[in-house]
Every structure is written in structure tokens, then in C-alpha cells.
Amino acid sequence: MKIKIGKAIDNDYVVNEPNVSRYHATLSREDNGCLLLEDLSSTNGTFVNGAQILKKRISPTDKVVLGSDYVLNIPEVLKSNNDYSEEFTSLKKVYDTYIEQKVRIQSSNQFKTRLFQALPFALPGIIGMVIGFSGKGDPIFLVASLVVAVCAPAIGVYLGAKQSAKAPQKLQDLANQFKIDYVCPKCGTFLGEIPWESLANKKQCPISSCKAKWVSE
């Protein structure tokens, strides 16, 4: 990818300013993803963070000035070539985080649901052991044990169902946020639950009116 910058109308990024040359500079993205700015023997020079350069690797946050006073907006220049690769790369973290949180919610819910369902069934046995070790056959203990034996399973089922009901809402909230975050950085189209690596293989947005470049050539 190489973007030509200057005053002439056949540049990729046209800058109609008096101190900018007809063919002033080029901005290209190297194979390793770095941005390379090169001055094309312009009349008034190209400056990065106050220093005049002929060729220099830059970042989107560097202050680039063409001529004496025109500040070049690097992100905007990149968009002139429909290049959204940097924004697309950040979507990998969005996808990975979504999958991790989804698995965590499902696993946590299954564990707690089974725990709530199983624990009450163990209470009668625990009480029976306490009574056995105490060596008492007090009717009150026996009645209490019977009540627990009858009620505990029902309570366990109730608590398990209540816990299980929490997961769908959490998953829905997670999915709603994912639909907001996991979108084409240009047109905003939701990308579905397609893995980021699969989308990267397509290299650009499939929407005909967008065709944003997701991966730099």
C-alpha cells in the first residue's frame, strides 16, 4: 500500500495548500505493519515531530507537517485508501474476550447449578451421621432429620433452577454488547460470531458499498 500525497489532483490524498508541493510525499505500510513516510523532494519539506525528514517510520500519533504549517492527519490519510487494517486488528481482542466470557458464564452456571442441586441431598446423610455419633435417639432430632430429608431435595431443585435462570440473561447482555463492538470498522456491519482469523482471510468487508480493507497488502 502506497498513498501519494500532494497538491496535484491525481494524488491519492489531495492537499490543496500553497506550501505543499504537487507531489509532496508518500505514506506506505510495510510488511511488518509499520508506516513509512517519505518526502518526494518537496519544495518546503516534510517534518515529523518538528524534525525535517527524507524518510522515516512513523505512528498515527506522530505530528506530521507538510511545508511550513499544514498538519497531516495520518488516520485520515490511511482512510483515503480505504485502509482499516489497524482498527480491524483490534477486533481480535474483542472476539477473543467475548468467547472467554461466554465460556466462563456457561461453566460457572453449570457448576453452581449442580452444586445447589446436589448439596441438599447430602444434608440428610450429614444429619444422620451427627445423630449417630452423638448416640442420641431424641425424637426432635429424628423429626428434624425427616423434615430435612423431605424438604432439602425440593429446595435444591428450586435453587438450581434459580441459578440456571441467571445464565440466559448474562449471555444475552454479553451478546448485545458483542453486536455493538464486533462490527466492520468502516460501515458498522455486525460480523456475526465468525472467528477473527476467518474474517482476516477475507481481507476486506464483503459489503459491496464498503469494501474496507481489513488486511494490508
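This is a predicted model: local features need pLDDT of at least 70, side-chain atom pairs count only at pLDDT 80 or more; totals for chains, interfaces and linings use all residues.
Q: What makes β3 and β4 a pair?
A: The cut-off is again at least two bridges. β3 and strand β4 (residues 35-39) have 5 bridges and run antiparallel. On the β4 side, D39 stands opposite A25.

Q: Which residue takes a positive phi in the hairpin of β3 and β4?
A: G33 does, with phi near 95°. The hairpin has 5 residues between the strands.

Q: Why is S28 called buried?
A: Buried means under 20% relative accessible area. S28 has 11% relative accessibility, so it counts as buried. S28 lies in strand β3 (residues 25-29).

Q: Which residues is S28 in contact with, its neighbours within four places in sequence left aside?
A: The contacts of S28 are M1, K2, C34, L35 and L36. Contact here means heavy atoms within 4.5 Å.

Q: Why is β3 described as largely enclosed by the rest of the structure?
A: The count of buried residues decides it: 5 of the 5 residues of β3 are buried, so the strand is largely enclosed.

Q: Which residues of β3 point one way, and which the other?
A: A25, L27 and R29 point one way from β3. T26 and S28 point the other way. All of them are buried. In a regular strand the side chains alternate between the two faces of the sheet.

Q: What is the order of the open sheet of 4 strands, and which strands are its edges?
A: The order is β6-β5-β8-β9, with antiparallel pairing. β6 (51-53) and β9 (70-72) are the edge strands, as each pairs on one side only. On average, neighbouring strands of this sheet are turned by 40° against each other, direction ignored.

Q: How do you know that β5 and β6 pair?
A: At least two bridges are needed. Strand β5 (residues 46-48) and β6 are joined by 3 bridges, so they qualify. They run antiparallel. In β6, Q52 is the bridge partner of F47.

Q: Why is the aromatic pair of Y98 and F178 called stacked?
A: Ring centres must lie within 6.5 Å to pair, and planes under 30 degrees apart count as stacked. By the ring rule, the count comes to 7 aromatic pairs. Y98 and F178 form one that is 3.8 Å centre to centre, with 10° between the planes, so it is stacked.

Q: What makes this a link between distant parts of the chain?
A: Y98 is in helix α2 (residues 85-134) and F178 is in helix α3 (residues 139-181). They are 80 residues apart. Both Y98 and F178 are buried.

Q: Why is the aromatic pair of F178 and Y182 called stacked?
A: Its rings are 4.8 Å centre to centre, with 20° between the planes. The limits are 6.5 Å and 30 degrees, so both values pass. F178 and Y182 are buried.

Q: Which residues do ring pairs link into a cluster?
A: The cluster holds Y95, Y98, F178, Y182 and F190.

Q: How do you know that the charged end of K79 sits over the ring of Y84?
A: The charge must be within 6 Å of the ring centre and within 35 degrees of the ring normal. K79 has its charged end 5.0 Å from the centre of the Y84 ring, and it is counted as sitting over that ring.

Q: What elements does the protein chain have, and how do they run from the N terminus?
A: There are 4 helices and 9 strands. The elements run β-β-β-β-β-β-β-β-β-α-α-α-α.

Q: How many of the 217 residues count as buried, as a percentage?
A: The share is 32%. The protein chain exposes about 13000 Å², of which carbon and sulfur atoms supply 59%.

Terms used: Residues are numbered from 1 along each chain as its sequence is written. Side-chain values use heavy atoms; hydrogens and water are left out. Helices (H or I, at least four residues) and strands (E, at least two) are DSSP runs, numbered from the N terminus. Buried means under 20% relative accessible area, exposed over 50%, partly exposed in between (1.4 Å probe, protein chains only). Rings of Phe, Tyr and Trp (its six-membered ring) pair if their centres lie within 6.5 Å; planes under 30 degrees apart count as stacked, over 60 as edge-to-face and the rest as tilted. Axes are lines fitted to C-alpha atoms, for helices over the stretch in contact, and angles run from 0 to 180 degrees between N-to-C directions. Accessible areas come from the Shrake-Rupley method with a 1.4 Å probe; for residues, only the protein chains shown count as cover.
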